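I opened my notebook to keep track of what I looked up in this structure. Come along and check each entry against the picture.

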Amino acid sequence: MWAPDPARWPARLETLHFGHMTPRRPQPLIQRARRTLLRAVGLALLGVLVGVPASAEPDEPSSASESTPQRAVRLAWTGGSGGVDAGTYVFTMHERLGKGGAPELASVRSSYAWFSQGDWLVSAEDHQLASTLRLLRGERPKCITSRPATLLRSPDELLIFDGSAPSWAAFWPAERLERARWQCVQGDLTAELIGPADASPQDITWELKSWETRLSLTWTLESPSTEGEAPAGIRGEKIPVIGRPRGDGPRRAQQLLDLVQEGVIYVDAGRFIAGLSATRDDQLSEHRATGLELLRKLKPAALAPGHEELAGGAKALLHEAPDLPWVASNWRTTDEELKIPHSRVHRADTPRGAVHIAFLGAIDPALHRAIPLLSSEDITLSDPVRGVQEEIDRLRARDQPLDLVVVLSTASPAVLGRLRTELRGADLILGDPSDSLERAAAVEIAIDDRQRSSRPLAFPGDPALLAEVVLAAGGGLEGMYVLPQPVELSTPPQPEILEAVTQTRAERFPELDRPLIPAPVGPAGSTLSDSAFARLVCEAIRDHTKADVVFIPELPRGATIPGELSALLTARRLRVPDHLEVHRIPGDRMRRLLDQLYSSPITHCGTTLGQATPRIGAREIEPDRIYRLVTTDRQRQATELGSLLQTARQPSAFDQQGFTPLRDTDGRPRTLRSVAISALQDLRSEYEEGLLTELLARRSAPAPPRWMLRLRNLSVRIEGFQGADDPAYSQVPETLATSPSSFTIGSAADMSLHYDEERVHWDLRLRHAYTRLRTADIIQETADDLRFSSSLTLPGLTTPSFFGLAARPFGEGLLDSEWTPIVTPAGETLPRQLDLSFTLGLAAVPKGILRTLRIGLIGMQDLSRTDKVPNLGTRVEVETNVAFGPGLRWLTQLHATAYANTPDQDARDLRFRALLDSRVAMPLFRGLDMSFYGNLFAFQGRVPETSAARYSFTLGASLDARGILILNR
């Protein structure tokens, strides 16, 4: 068996202190064994002298024999490695430009145009990925001329200079390499080939499968900002910067295969294979089959599925790899084909006998929200602590003792924290994705015997870790030597995996390797923050879908890439399974929805959460308007937004779903990624380099001018009745037999054309109501009203809030008339009403249920009698909108006017008139309500004959169409 080789360990070992370890610095295991053995011998000699049996246990049990290599097993594990195509790029060298005489950075552009093979680098001269691929797929080019080149190599980047490195880079912390730079020709293609100065281009294998794709930057330099002459050849000079990936997938594969070849027990805590495709929507990664085949070659003892493994659902995973040793202790299902063992016991033979290691898997219940497909597949993820503890208790109760209990998990920090503090009976928890031992050269751990059964030790899973686990005599940990296994670029990549990764990238990358998101505003080389990227994507989706409000899920964090982002980098960063949906929310319910979401961290655009008066698109919410809200299916199914939307959507008797998936021209649901990429491409064409400024400024930008057609109410009612009209049946107690024939026609409308901008609101409004009742004896109009009005409001002059309400000045002109003149019972035809009035006053800013509140002074002239003097008075207009119950709305309007006396007033003049309309509306379809209403008209005259106040009222029901149409969306 393998024993720690002192030559492989640094002189100074870093020792970790865990909660269940001794607070003093533990001694190395060999020293502890020697000390314990001497104590045991001393106690035995003492027993001979005083008569104590030699077998008596000392205060600290002997572990000399158990701590020998014969009682040790080698264990390697990973967690969150991300698939065979993994690799993280970090670029920082550009931050040194502009300092110490170095030139400044003018711009940065990223691409995948460079390929590497060992110490060799190649790229087409135009630095286009498609051109480089055409080069590598063709015949070997002729490399004619060469010139010296210098490479500056840091752990993460490789800078290429013609000739010697410039003086301004002399003090950069990077290794200098002398290289040669060849110019190669293949037909109409010209390429740059860089390699060792003492080698020949004939030394390399000219096949695509032997090359690796590398993310690279191109710096464009400009002269330093300091005074004096600019160094020659600086302005506009382009410097290639080749990325050196961390955690490279093909190299990690070779590293793990080498460990397993040495007899190491290998396990994975999850997220080993790739989940969704990085370039294609609604597809699992093209690298999954390669990753699963690698797992088969690694012959793991246990595998805990994580988010990426389950990205396509449990059925897809178990169909792809039913032969792999999956383990999930809190996995529950009634489907026999989907069951996964709660634990696996691995037997490792040692010179001192078999060692039994139990592996358990803790799956994060949050995967139910992240992958709703699991619920539809009858998969339940129970509480991980309870599920794992129950399985540990079951295993411990068996006759066969266990030497080691290991829990595998890449769950969230909250779940792992509970596992660390609440589990009992587990020795190790492996796979924590929030921690890393990358900076540690080695770790030595010695377990305090008095705390051996306390909380388990927890280790990260990335980079891969190799440990010699020393077992105690009665089972459990005696100690551990842990060696982090970071992926070194000097390790040769596994050939088969390299070929598969390169071929797949060669097929999928070219169509997306083009500029998309411009560089952030600021110094060249600035990076786009995660929050700014999310807002950018949100605004692009809002623009593309013509949505009023957009809610999107938290997006994966991206690599820190300076400068502009290509469509490829953007697509890889948007690797989420979400499909977009359109929800239509009535304005009177939208305000409550936004209030309920005020503390939510959800990414949104089109509105600002947490305001006392929520706005949409910098405008007040219109209660009558149906707003277009776009979100994703996963947001609806897995977050609180779903339940809030269910109550906020406009429900109706014939429209139960309330939302529609966003579909393409072929009828297929569109993903968040596809819409975002399409939207950003269109916007990039429109705004070019100003794209970021335009989209990110929209949140605080004033509302653009808008034309809007508002339909508050449009209803028609026609009813005819033909009676028997036979006096012989007048005594029959049946209304349908005795009532006279009648015909009733009624209609009402309230529609307006609106224009509004930041400083001015204007409308042109038509209001109409007409009802006519005709029987055999009489024709009666129960309602006849026709109004044309135009108003102007000045929101730029809004007053400070008073009693919670702010007001703004307004003016309105109104022509109040009727369709037909009134005919009195005596047969007299009265002059048709024709009143022209002007009102000046204050209008309250809508708030809560208050939709309109206007108070002003009115001047009115009766145009049917031009000889009369104008009337002066006061006018009040109030409208409220209350939403309650299953989609019900209670709407109330009050229009009241009081007039002063005039010298020529007569019986036709009124002291006051007030019309109160109150109705309860229930939606039948989107934009069509059934309403039950009541009207109360109160009035009083100005002369003694009409001084007694009177009123009339109407009760009825109607079908009402309503809605708002934006004319310049």
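**Entry 1: before starting.** I reminded myself that this is a predicted model.

**Entry 2: an open sheet.** In what order do the strands of the open sheet of 5 strands come? I read the order as β14-β15-β17-β18-β20, and the pairing is mixed. At the edges I found β14 (343-350) and β20 (457-460); each has a single partner strand, so one side of each has no neighbour in the sheet. From one strand to the next, the twist averages 25 degrees.

Next I looked at β15 (residues 353-361) and β17 (residues 404-408), which run parallel and are joined by 5 bridges. Here I saw isoleucine 357 opposite leucine 404 of β17. Then I turned to the helices. Helix α8 (residues 384-396) lies across β14, β15 and β17, at about 160 degrees to β15. Helix α9 (residues 413-422) also packs on the sheet, where it touches β18 (428-432) and β20. The direction of α9 makes about 170 degrees with that of β18.

**Entry 3: tryptophans.** I noted a count of 12 aromatic pairs. One of them joins tryptophan 168 and tryptophan 172 edge-to-face, 5.7 Å centre to centre, with 65 degrees between the planes. Tryptophan 172 also pairs edge-to-face with tryptophan 219, at 6.3 Å and 70 degrees. Where do the two partners of this pair sit in the chain? I found tryptophan 172 in the loop between β6 (157-162) and β7 (175-186), and tryptophan 219 in strand β9 (residues 212-222), 47 residues apart.

Are these tryptophans buried or exposed? Buried means under 20% relative accessible area. Tryptophan 168 counts as buried because its value is 11%, tryptophan 172 is buried at 7%, and tryptophan 219 is buried at 0%.

**Entry 4: salt bridges.** The count I wrote down is 64 salt bridges, and I followed a few.

- Arginine 134 bridges to aspartate 188, with the closest N and O atoms 3.4 Å apart. Arginine 134 is in helix α2 (residues 129-137) and aspartate 188 is in the loop between β7 and β8 (189-196), so the pair ties together parts 54 residues apart in sequence. Arginine 134 is partly exposed at 44%, and aspartate 188 is exposed at 64%.
- Aspartate 548 bridges to arginine 625, with the closest N and O atoms 2.5 Å apart. Their loops, one between α11 (530-545) and β24 and the other between β29 (619-620) and β30, hold residues 77 apart in sequence. Aspartate 548 is buried at 8%, and arginine 625 is buried at 7%.

**Entry 5: glutamate 564.** I found glutamate 564 in the loop between β24 (549-552) and β25 (565-566). Glutamate 564 counts as buried because its relative accessibility is 11%. Among the residues glutamate 564 touches are Arg109, Pro515 and Arg684.

**Entry 6: helix α15.** Which residues of α15 (residues 640-648) are buried? I listed Leu641, Gly642, Leu644, Leu645 and Ala648. These buried residues pack against several elements, including β24, α13 (587-596) and α14 (633-638).

Conventions
Residues are numbered from 1 along each chain as its sequence is written. This is a predicted model: local features need pLDDT of at least 70, side-chain atom pairs count only at pLDDT 80 or more; totals for chains, interfaces and linings use all residues. Side-chain values use heavy atoms; hydrogens and water are left out. Helices (H or I, at least four residues) and strands (E, at least two) are DSSP runs, numbered from the N terminus. Buried means under 20% relative accessible area, exposed over 50%, partly exposed in between (1.4 Å probe, protein chains only). Contact means heavy atoms within 4.5 Å. Two strands pair if DSSP finds at least two bridges between them. Axes are lines fitted to C-alpha atoms, for helices over the stretch in contact, and angles run from 0 to 180 degrees between N-to-C directions. Rings of Phe, Tyr and Trp (its six-membered ring) pair if their centres lie within 6.5 Å; planes under 30 degrees apart count as stacked, over 60 as edge-to-face and the rest as tilted. A salt bridge is a side-chain nitrogen of Lys or Arg within 4 Å of a carboxyl oxygen of Asp or Glu. Lists of a residue's contacts leave out its neighbours within four places in sequence.
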